[in-house]
Amino acid sequence: MYKLFRLVAWSVVITGSLSACSKKSQKSPPDQKPDPAVATASKEIDRKMLSIFGQLPKHFDSKTNPPSPAKLRLGKMLYHEARLSRSGTLSCNSCHVLTEYGVDGEPTSPGHAGARGDRNSPTTMNAAGHFRQFWDGREPDVEAQAKGPILNPGEHGLKDAAEVEKILSAIPDYVAAFKAAFPEAGDNAVTFDNFAKAVGAFERKLVTPAPWDDFLAGRDKAISMEAKIGARNFIEVGCTTCHSGPLLGGTRYQKLGLVKAWPRAEDPGRKKVTGKDSDLHMFKIPSLRNIEKTGPYFHDGQTNSLSEAVKLMARHQLGVELKGAKLASIIAFLRSLTGTVRDKKLLQPPKLPDDAPAPEAVAQDELKPAKLIPKKVKDVVPKAPPNKDDAPEPVPPQP
Ligand code: HEC
Ligand code: HEC
């Protein structure tokens, strides 16, 4: 009997301190009517509801591309290597800036000769954990994906695998680095396939654990009360029917405009890949990790406002109008997904190999002589301009 009394007394104390704490996080004056979203906080989020999510792994494994320190070192250099582009100025890091959460902050990216593609650059952080790559999922993994931008005329713009191999073979330190990373290949280590494997191995380390992961691990105080309410709202509103798992997305495709037609319908999505009508406007459900930092949002970068993006999602994917405290709580929850790569050295630009002593080895007529290309190429992609008038004219998306 005494035991029961103690239990009841304790739960009163706990519930009391919980609601006090939630009021504090909302910063509402004591005489104001309690916010309904906050009032339910004493129910807090049932940890049973959290099984729909999951903590991030240490890195994303691959059976066919096991990691090694030599491969990682090479992959990191290649990620920053602008000599693998027609202009000599673009690297993966131009559009997926590692120190900027793996994005360039542009609606769509200026590539070769400043020409803009029609899709937004998604982040390379945690991308290796997606079930497929690209907005339309046209490549299976980060290794296969890495070859795309190199040969894309609007991006790095090289001609073919042979050209990639020729450029790399002419730089002695790369030849040595490929041999160290792929010892089984002997003298044939410098290949386009191995380029892709090295870059892929590097990307598999770009994992960004966040306060949210600490919370999932059982540390209740890792995130604010508002973020916990937001997590529950995120589930109850229905966002998790699509954004679930450790990445909160990246597990399958879904139609954009499922409940209500999407305002911009130019991009056919997965239909572009399969030709099937049933794939019209189907896109990969993106991960929401670091979402606070990776705007502009959506495949065409249509908005730079996270709360606008969340409202659009609720309206068009779920038929719900989100506003006020509920919307704010979901944003607070999404902010708890902002994390960092634990090993900060991975994010710093490496020292790139010097050019070959004999530049004529690479000087083809259509290539710039290697010695003209600055060794440390600064990222050429400008930050999002402060106002629209400063922005370069974007190329309208192709129908
Ligand atoms: C000119 C800008 C640009 C450059 C340079 C570039 N990318 Fe991308 N990247 C993009 C865009 C745009 C997309 C999305 C295209 C699409 O989905 O059709 C993308 C998609 C990706 C994805 C898929 C992510 C996801 O969520 O599906 C990965 C991974 C990636 N790039 C890695 C790389 C690597 C590695 C390099 C260097 C070899 C590179 N990118 C070079 C612009 C660029
Ligand atoms: C029916 C599936 C579905 C539901 C439900 C859904 N989403 Fe999405 N979400 C998607 C798809 C698909 C995209 C990719 C859109 C595109 O290609 O432009 C996306 C994109 C996003 C983006 C932009 C991501 C980026 O990197 O640009 C955010 C933010 C987002 N969703 C948040 C939410 C929130 C919050 C909810 C709940 C209110 C929600 N979503 C509900 C399928 C869904």
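Which residues in H5 meet which residues in H8? The legends below take this contact and then the cores and ligand shells. The model is predicted; local features need pLDDT of at least 70, side-chain atom pairs count only at pLDDT 80 or more, and totals for chains, interfaces and linings use all residues. Residues are numbered from 1 along each chain as its sequence is written, with chains lettered from A and ligands numbered from 1 in the order in which they are written.

**View 1. The contact of H5 with H8.** From H5, Val-142, Glu-143, Ala-146 and Lys-147 meet Phe-192, Ala-196, Lys-197, Val-199, Gly-200 and Glu-203 of H8 (contact: C-beta atoms, placed from the backbone, within 7 Å). These residues divide into five nonpolar, one polar and four charged (nonpolar: Ala, Val, Leu, Ile, Met, Phe, Trp, Tyr, Cys and Pro; charged: Asp, Glu, Lys and Arg; polar: the others, Gly among them). Helices are DSSP runs of H or I with at least four residues, numbered from the N terminus.

**View 2. Packing geometry of H5 and H8.** The axes of H5 (residues 142-151) and H8 (residues 192-203) lie 8 Å apart, at an angle of about 115°. Axes are lines fitted to C-alpha atoms over the stretch in contact, and angles run from 0 to 180 degrees between N-to-C directions.

**View 3. The largest nonpolar core.** This core has 40 residues, of which Leu-74, Leu-78, Val-164, Phe-178, Ala-198 and Val-199 touch the most other members. A core joins buried Ala, Val, Leu, Ile, Met, Phe, Trp, Tyr and Cys residues through C-beta atoms within 7 Å; buried means 20 or more other C-beta atoms within 10 Å of the residue's own. H3 (69-79), H5, H6 (161-169), H7 (172-181) and H8 each supply at least two residues, and H8 gives the most, with six. Beyond its neighbours within four places in sequence, Leu-74 is in contact with Ala-177, Phe-178, Ala-181 and Ala-198. A second, separate core of 27 residues includes Ile-45, Leu-247, Leu-248 and Leu-322.

**View 4. The shell around ligand 1.** Cys-92, Cys-95, Gly-111, Phe-134 and Pro-149 come nearest among 25 residues (near: C-beta atom, placed from the backbone, within 6 Å). H5 gives the most to this shell, with five residues. By class there are 12 nonpolar, 11 polar and two charged residues.

**View 5. The shell around ligand 2.** Of 26 residues, Cys-239, Cys-242, Phe-283, Phe-298 and Met-313 come nearest. Helix H12 (residues 306-318) provides the largest share, six residues. The shell has 19 nonpolar, seven polar and no charged residues.

How values were computed:
Contact = placed C-beta atoms within 7 Å. Buried ≥ 20, exposed ≤ 12 C-beta atoms within 10 Å, placed from the backbone.
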